[in-house]
Amino acid sequence: MIEPEKFLGYLIRSSGRAFANNVNKKIKEKGLNITIEHVGLMFKISHAPGSSQQELSCYFFKDKTTIARVLTTMEKNNMVLRVPSEKDKRTNLLYLTNKGKEVLEQLADAAMEVVGKATVGVDEAELEICKKVLNQIRVNLEDEPEFSC
């Protein structure tokens, strides 16, 4: 039987968890009342303004209910704005508010600090290979029926 420290799933999960824990620590140090889930949604919305809840659900491999719950909290905290789509009134398009943009700027610095810490001693070429491999793993697995969008 394979040792957990050599099992790909364990390595991916534990590395992701360690990264998330470090980002959460930075968030607390800044006195922000948000979670790592908020951070991911804010980064994605900032890069794709007007995304729908369905698109975010697919992007993060999370069910629509979970995404809706996090977005409701973010909306109450004036970080995102839901705007009904002109094409389909059942669909809300998401945008960061000015407050959301300000919080995101603070988070970007914190996230980059964690990236810097995470990659100490990692050769730049190896890091690019790591990113390429992780992306290919994601692509290989995202066509599973439960994640199809």
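Asn78 is found in the loop between α4 and β2, where helices (H or I, at least four residues) and strands (E, at least two) are DSSP runs numbered from the N terminus. Its phi is near 60 degrees, a positive value in a residue other than glycine. With a relative accessible area of 44%, Asn78 is partly exposed; buried means under 20% relative accessible area, exposed over 50%, and partly exposed in between, with a 1.4 Å probe and protein chains only.

Before I continue, a word on the source. This is a predicted model, in which local features need pLDDT of at least 70 and side-chain atom pairs count only at pLDDT 80 or more, while totals for chains, interfaces and linings use all residues. Residues are numbered from 1 along each chain as its sequence is written, and side-chain values use heavy atoms, with hydrogens and water left out.

Which residue has a side chain that reaches the backbone oxygen of Asn78? It is Thr97, at 2.5 Å. This is a polar contact, that is, a pair of N or O atoms within 3.5 Å; within protein, one must be able to donate a hydrogen and the other to accept it, and residues adjacent in sequence count only if both atoms are side-chain atoms. The side chain of Thr97 also reaches the backbone nitrogen of Gly100, at 3.0 Å. Thr97 itself is placed in the loop between β3 and α5, and at 14% relative accessibility it counts as buried. Not counting residues up to four places away in sequence, Thr97 touches Asn78, Met79, Val80 and Leu81, contact meaning heavy atoms within 4.5 Å.

Is Arg82 buried or exposed? At 19% relative accessibility, Arg82 counts as buried. Its side chain makes a polar contact with the side chain of Gln53 at 3.3 Å, and another of 3.4 Å joins the side chains of Arg82 and Thr72. Leaving aside neighbours within four places in sequence, the residues in contact with Arg82 include Glu75, Asn92 and Leu94.

The following topic is the nonpolar core. A nonpolar core is a set of buried Ala, Val, Leu, Ile, Met, Phe, Trp, Tyr and Cys residues joined through side-chain atoms within 4.5 Å. In the largest one, which has 21 residues, those that touch the most other members are Ile34, Met42, Leu71, Met74 and Leu107. Two or more residues of this core come from each of α1, α2, α4, β3 and α5. In soluble globular proteins, nonpolar side chains tend to be buried together. Met42, leaving aside its neighbours within four places in sequence, is in contact with Met74, Met79, Leu96, Gly100, Val103, Leu104 and Leu107.

Several of these names return in helix α5. The buried residues of α5 are Gly100, Val103, Leu104, Leu107, Ala110, Ala111 and Val114. They pack against α1 (8–29), α2 (36–47) and β3 (92–96). Helix α5 (residues 98–118) has 21 residues and reaches 30 Å from its first C-alpha to its last, close to the 30 Å expected at 1.5 Å a residue; the expected span is 1.5 Å times one less than the number of residues.

Helix α6 (residues 124–141) has 18 residues that should span 26 Å, and its end C-alpha atoms are 26 Å apart, which agrees. What caps the N-terminal end of α6? Asp123 does, with a side-chain oxygen 3.0 Å from the backbone nitrogen of Ala125. Within helix α6 lies Leu134, which is partly exposed at 40% relative accessibility. Leu134 and Ile12 are 122 residues apart in sequence, and 8.6 Å apart in space, C-alpha to C-alpha.

I close with the aromatic residues. Rings of Phe, Tyr and Trp (its six-membered ring) pair if their centres lie within 6.5 Å; planes under 30 degrees apart count as stacked, over 60 as edge-to-face and the rest as tilted. By this rule the count comes to one aromatic pair. The rings of Tyr59 and Phe60 have centres 4.9 Å apart and planes at 85 degrees, so this pair is edge-to-face. Tyr59 is partly exposed, with a relative accessible area of 47%, and Phe60 counts as partly exposed at 26% relative accessibility. Lys44 lies over the face of Tyr59, at 4.1 Å from the ring centre; a charge sits over a ring if NZ of Lys or CZ of Arg is within 6 Å of the ring centre and within 35 degrees of the ring normal.
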